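User: I would like to go over this entry with you. Could we begin with the overall picture?
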Amino acid sequence: MNSLTPITSVMIPPLRVLTPEDPAGVSGAKQLPRVLHVINGEHYSGAERVQDLLALRLPDHGFEAGFVALKPGRFGSCRRSVDTPLEELAMRSRWDLRAVGRVARAAQAGGYQIIHAHTPRSAMVAALAARQLELPFVYHVHSPTSRDSTRWLANLVNGRIERLSIAGAAKLITVSPTLTDHMKSLGVPDERLRCVLNGVPKVAGAEPRKKREGVWTLGMVALFRPRKGAEVLLEALALLKSKGQDVRLSAIGPFETPDYEEHLVSLAGRLGVGNSVSWIGFTEGVGAELDRVDALVLPSLFGEGLPMVVLEAMAAGLPVIATHCEGTAEAVAHRETGYLVEPSSVSQLAGAIDSLLTGELDYEQASARSIARHAERFSDDAMAAQVAEVYRELLGLPDARAESIADGLHPSEAPV
Ligand SMILES: CC(=O)N[C@H]1[C@@H](OP(=O)(O)OP(=O)(O)OC[C@H]2O[C@@H](n3ccc(=O)[nH]c3=O)[C@H](O)[C@@H]2O)O[C@H](CO)[C@@H](O)[C@@H]1O
Ligand SMILES: O=P([O-])([O-])O[C@@H]1[C@@H](O)[C@H](O)[C@@H](O)[C@H](O)[C@@H]1O
């Protein structure tokens, strides 16, 4: 099979031209303008969760999404946005530029008006396709590419690809203010940057949690790879154990490679905490796993954007212990919703876990504050609304308020 043959494709309705003068389209029936998200798709992790939530929520804010996946994999089977068109075009390698023509054809056939990419690879393909079609190109910055992995060569190559690709981007959406600063430091002018904080849905019926009596279980949720710092957490568990503090760990998520799995499992054994760790693996039920734990720990070493797992834990009413690592520090309020410690510090991490366990921070209050902080700052709806505003500006469409009023909504009910 030709590697660029679509493995899955969902029928995409035909092109309808929507313009600021004729937002209703040629048939008169109002159709939402469309945005094609060019994604990797091999994982179902943070960037994919953002893509999935945008596809679900953007229609409430006047846009429809579609997907093209260049590294088809878990996204296709795990996404919740199952009604969103997804075309899977496997690139044979990072340099397989036949993908550009395929993406351009998909964009044209589906009547897409904006192309939106999420990784250096997808930015390269999307930028070229957008240039062919003269469509605006948006790039979502999920993490600092130069600190994306422990593989320096991959970081270097991805960094170069990203720089070249974003030169023609109409707008860059960063997921945290720290990432905005990072992109400025790379020379991206202010006017092309827009910070849209990541967001996740509310957890239905979330109530402040009561502190558990007895042995605690900490949760770490991640696509386990070296930069997430699981080693530091295992060492912190061993340190706590040596002081008589027995704490369990639920390690939720897949491993980047089988070698890395083997490394972590054997490290836990060597540290004497093998029996305290449950390796859950990838699950589509992260929410149910979070219900079973007492706090979330995210010991990232470097390179975070604004981790979705931290936001999901807050929405579920969990205190979070995490590291001072880019956007993570914007989500966790130190000593209010949890603790922030220095990356790589086993003693600080163990100390923070101990402080939460022994009640230095009131558990129930921290839980209540987590729920409130999520609702105030990190909702999926606010994220989609702000991304939609970026699209509107690029297409020269009226803002959400003006559009609602034009649609007959009373000004007092229109979004502000
Ligand atoms: C390499 C990269 O680009 N990292 C970025 C990526 O997050 P990264 O991939 O590092 O992970 P996050 O913590 O943000 O999110 C992981 C997501 O995967 C889900 N999950 C996890 C395990 C599991 O078994 N099942 C499951 O569904 C979680 O519920 C969560 O929604 O996007 C985030 C959001 O913009 C950024 O903050 C990160 O810097
Ligand atoms: O470099 P590439 O092959 O496009 O894909 C990469 C992924 O495999 C990796 O997991 C992720 O962290 C990078 O941001 C990038 O998306």
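User: What radius of gyration does the protein have, and why would one call that value in agreement with a compact globule?
Analyst: The model is predicted; local features need pLDDT of at least 70, side-chain atom pairs count only at pLDDT 80 or more, and totals for chains, interfaces and linings use all residues. The protein has 22 Å (taken over C-alpha atoms; the globule rule is 2.2 Å times the number of residues to the power 0.38). That agrees because a compact globule of 416 residues would have a radius of gyration near 22 Å.

User: What box do the C-alpha atoms fill?
Analyst: Along the principal axes, the box is roughly 70 × 55 × 40 Å.

User: How many helices and strands are there?
Analyst: There are 15 helices and 13 strands, taken as DSSP runs (helices H or I, at least four residues; strands E, at least two) and numbered from the N terminus. Residues are numbered from 1 along each chain as its sequence is written.

User: What share of the residues is buried?
Analyst: Of the 416 residues, 53% count as buried, meaning under 20% relative accessible area with a 1.4 Å probe, protein chains only.

How values were computed: Chains lettered and ligands numbered in written order. Heavy atoms only, no water. Buried < 20%, exposed > 50% of the residue type's maximum accessible area, 1.4 Å probe, protein only.
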